[in-house]
Structure formats: C-alpha cells, structure tokens
Amino acid sequence: MALRTLISSSRQTLATGLGLGLQSEARNLGLGFRHARELQTFSLPDLPYDYSALEPVISGEIMQLHHQKHHQTYITNYNKALEQLDEAMAKGDSSTVVKLQSAIKFNGGGHINHSIFWKNLTPIREGGGEPPKHSLGWAIDTHFGSFEALVQKINTEGAALQGSGWVWLGLDKEMKRLVVETTANQDPLVTKGANLVPLLGIDVWEHAYYLQYKNVRPDYLKNVWKVMNWKFASEVYEKECP
Amino acid sequence: MRVSRHCKLLPCCEETKDFTQDSIIGITQGEDICLWVCFVLDLKSAKEAIKEGCMLESVGFLAGDALCLALLAQEMLVLVQDALEPYMSQRTLEIHWGKHHRGYLEGLNKQLENNNSLYGYTMDELVKVTYNNGNPLPEFNNAAQVWNHDFFWESMQPGGGKIPGHGVLLQIEKDFGSFTNFREKFIEAALTLFGSGWIWLALKTKEKRLAVIKTSNGVTPIVWGDIPIISLDMWEHAYYLDYKNDKVKYVNMFLNNLVSWNAATARMARAEAFVNLGEPKIPVA
C-alpha cells in the first residue's frame, strides 16, 4: 500500500481510532493516514497588479474576465474533481479514479498555467517588456541566436497552434537547455517532458485576446511582449541554473 | 476561364437575370474556376428573398460540393449578417464568417495549389482523405473547418429553435427517451467539452441511432462515416463577443432560437437513404 504524505490544511484533524501521539509521530516521519487527511482546496490567487494595469496591450475587460471567470472556473472545477477523487479513492472505486483524470488534468492544468501566466505579465511601468539580462539573456542568445529570434519563434508557434493551448519558453533542467514548446488545451508544460520547467507561457486560448484582437492572434502575440515580466522568468531560471 | 463541372448555380441565382461575370473571383482547383457571384441589383427584392429563406442558404458554401461557392455582393452580406440578431450578432457573423471561415478557405486553397494529389475531390471526400484515418495531413484542419462552418451556418436559421418536426422528433424520442433528455445531453456535452471543438447531433450509421457527439478542434463525424444532423460551434470565437464566457446562455440561446430543425429534417431524410432506421411501415389497410 502506498503511503502518502499528508497535505495538511491549517485546521488540525483528529485521527479516528488512533491516539494523537501516534499520529504526530507519524507526521514527523512524513507519513500520512487516510482518515486523518484533510483535502487541500485551492483558491484564486490575487493579481499583482490592477486589471487595467496592462492596458493598452491587454484590456482591463479581458483581464477581469480572464481572472475572475475563467481562472476561477478552473479552480472551482479542480476542487470539485479533487473532492470526487478523494471519495473514489476512499471507496477504492478505480474506474471513477481513472475517469476523473481528464477533468483533473484539464482544470488543474488550467489553474497551474494561469497562476504562472499572471506572474509572467507585469505593467510597462514596472519593467514589463524589458528584455532579460545576465544568465537568462546569455542563454537565450546561445540557444536561439538572439532575443528577437526567440520572440519570432514563439510568435510563429503560438500563431500556428490549432484550437486552444499555450506556447512556452521552458528550461530542460536536466539538459540545461532552453526550449520553445506548445501544449494543447490546459496541458501543463510538464506533459511535454518531465524535466521541463516553465519560464514563461503565453495563453493563446481565444478568451485571452478575442475581445480586443478578435481573430488576429498574431497581433496579440506581437504586443504581449510589451508586458512580459522577464524578471520573473530570470528568477526561475537562476534558481534551476545557479 | 472554365467553370468546373462540380459547380452548381444556386436556386436564387437562377432567378436573377442581372448577374454579371465581371465580379467573378477565382478559386482554382487545377484549371477550373469554381465560383459564381450572385449579384442581385435590387435591394428590395433581395430583402424579400431573405424573408423566404433563400439568401441565407447561399451565404455559406455548399457542403458536399467541390470548392464551389457563391458569394453575394457586399450589400447582401450586410443584409444577411444581421439575420440572426439578437441571438448571434452581426458583428460576430462579420468576423466569424468573414475572417475565420474565409481564412480557412483561403488557407486551404493555398495548400491545394501546392498539392496536386488532392485534386478533384469533393469537400466531403477531401475532409475524409486528409483525415487520413486519424493521422491528419496538414490540409485537414483547413478542409475540415471549411466543411464545419458551412454545415454550421446551415444548421441555423432566423426564427429557429422550438421543437423539431414530426419525423425527427419521433427519432429523437426513440433514441433519447424524450426531447428534454436530448436537450440536456446536448447542453451537458457543450459545457464539458475541453478546449475548442464542436457539438453534434449525428446519426451513427453502425448503431443506427441518433447520438450527441463532441469533437475537438476541426474533427467532424463524417470522418467516422457518421451523418451529422445539427452542429454547434463551441470554439470561443463563436460566442465570445456576444456571451463572453457564459457558455450556458449561448447553448440555450442556440437551442431555443437558432437551431434549424428544417435543415435537420432535410438531412435526416437524406440520411435515411443510407441508413435503415427501423421496421418498414406496412400500411394497415
């Protein structure tokens, strides 16, 4: 039987049928007990800036809808799916466990991806659009030739993506190499490679740009670089490649 | 300039004595120019024609025919594009039809210019061939999306919605239990589709029954040999301008006000030539 670490929430729970002492010892060992587990629920992270702060690149209307409706819906449905998964696991209902995987991947992925996306953007007056320097800047030059070449590559792949998805600049932390990848729907970057760490992602679902750019996704891609938060991308990069 | 033998002059065009060849815009498949412009000079009679449902049929492209489309003059486009208001705005149609659908068509034409092996197919055949049994060729997305949008425009009409006619209703009740149950299944499918795609009411040829089908991106049930009866575009561009993220409202509005059960009846009638749906009706007397 696989032992899982508890994802503990702020409330303490009593282990039924077990003494508290035993439970705390078990906790110290990093082990968990099913009936003592408290399921973690996720909530909408705040944006580090106002909805209108990214204008005129991304309108306040889009930011508000995107954050309050789309991202929130992913979170709500993710929590629901996790709850259902918990019940199914408790009952040993394997077919439900397996059936829930696509909902978890979709909604959980949506939550993961959008949480990264909000940090990938920043208002122009706070440094949005400033190209990366230091190690990430050099790595980009090494792997893509130039910063402009990278932007061009990402824009081309983002525009060519059929349907809904994301375009990423990622780091293969094993090979210490930068990659440009696309994922479909809400698949997180890690579905393209277990060693891939997202540095920045651009949402190319139509809801990310339609109200403002309509069908002209290439214009959205061209403009979004003006609010790109390279500082965040650099931080993530430097953590993996010190 | 030869007109391809695949092209058909649409019924409304035949009535028009004033159409000119000056405004023919060419779409070439090999040597054939396959496009007519049906230019009605009199706006007033055009409005009459719209009321009779004529024009709306000719806005789209003929699904089932080779790249053959009849474009109306600009005024016609404008007249027709507000026909589905207030449920689907003119603005949406302008962009959905004029940019997205047209973009797929132009993209497809460009690809076909460079690929002689795909010469001579009808749209249906082109979609199935480029689907390549699940390993789609680069042309598939454009071909399928041209076909899909064609089918979608013809799945709607002004004054649509309500309930289907007798024959279709009976079949729905047989395969879903009740019309209400079909509605629920259709709405549920629309709300649980991940990403971009389409919702279909289709006749499954092997099972010989109607079913609600979800497809992703550009896939259409014809690639599996099934027969679509009605479709709903669930790509965000289809509803975002009018409904933002409120998919529930969009789907309900479609079912209540836009879906063309007339088109469904015609398609079912045609489908029955290919699928045996039940016991033969032996007259009582």
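This text walks through chain A, chain B and a pocket lined by residues of both. The model is predicted.

Start with chain A. Chain A splits into two parts: domain 1 covers 60-118, and domain 2 covers 124-240. Their centres, taken over C-alpha atoms, are 23 Å apart. The two domains also touch. On the domain 1 side, 15 residues take part, and they are in contact with 18 residues of domain 2.

Now turn to chain B. Chain B has 285 residues. Its secondary structure consists of twelve helices and eight strands. Buried residues make up 54% of the chain. Here, buried means under 20% relative accessible area. What about contacts along the sequence? Take the contacts in chain B with a separation of 6 or more: 68% of them join residues 24 or more positions apart. The accessible surface of chain B is about 13600 Å². Carbon and sulfur atoms account for 52% of that surface.

Next comes the second largest pocket. Its volume is about 950 Å³. Which elements give two or more residues to its lining? Chain A supplies α2 (60-91) and α4 (101-120). Chain B supplies α9 (179-192), α10 (236-243) and α11 (247-258). The largest share, nine residues, comes from α2(A).

How many residues of the lining are nonpolar, polar and charged? The lining holds 14 nonpolar, 13 polar and six charged residues.

Methods:
Residues numbered from 1 in each chain as written. Chains lettered and ligands numbered in written order. Predicted model: local features only at pLDDT ≥ 70, side-chain atom pairs only at ≥ 80, totals over all residues. Heavy atoms only, no water. 1 Å grid on protein atoms, 1.4 Å probe; cavity = no way out; pocket = protein on both sides within 12 Å on 5 of 7 lines; lining within 4 Å. Points joined across faces, edges and corners; volume = space filled by probe spheres on them. Helix = DSSP H or I, 4+ residues; strand = E, 2+ residues; numbered from the N terminus. Nonpolar A, V, L, I, M, F, W, Y, C, P; charged D, E, K, R; others polar. Buried < 20%, exposed > 50% of the residue type's maximum accessible area, 1.4 Å probe, protein only. Contact = heavy atoms within 4.5 Å. Areas by Shrake-Rupley, 256 points an atom, 1.4 Å probe, with all protein chains shown as cover. Domains from an automatic or database assignment.
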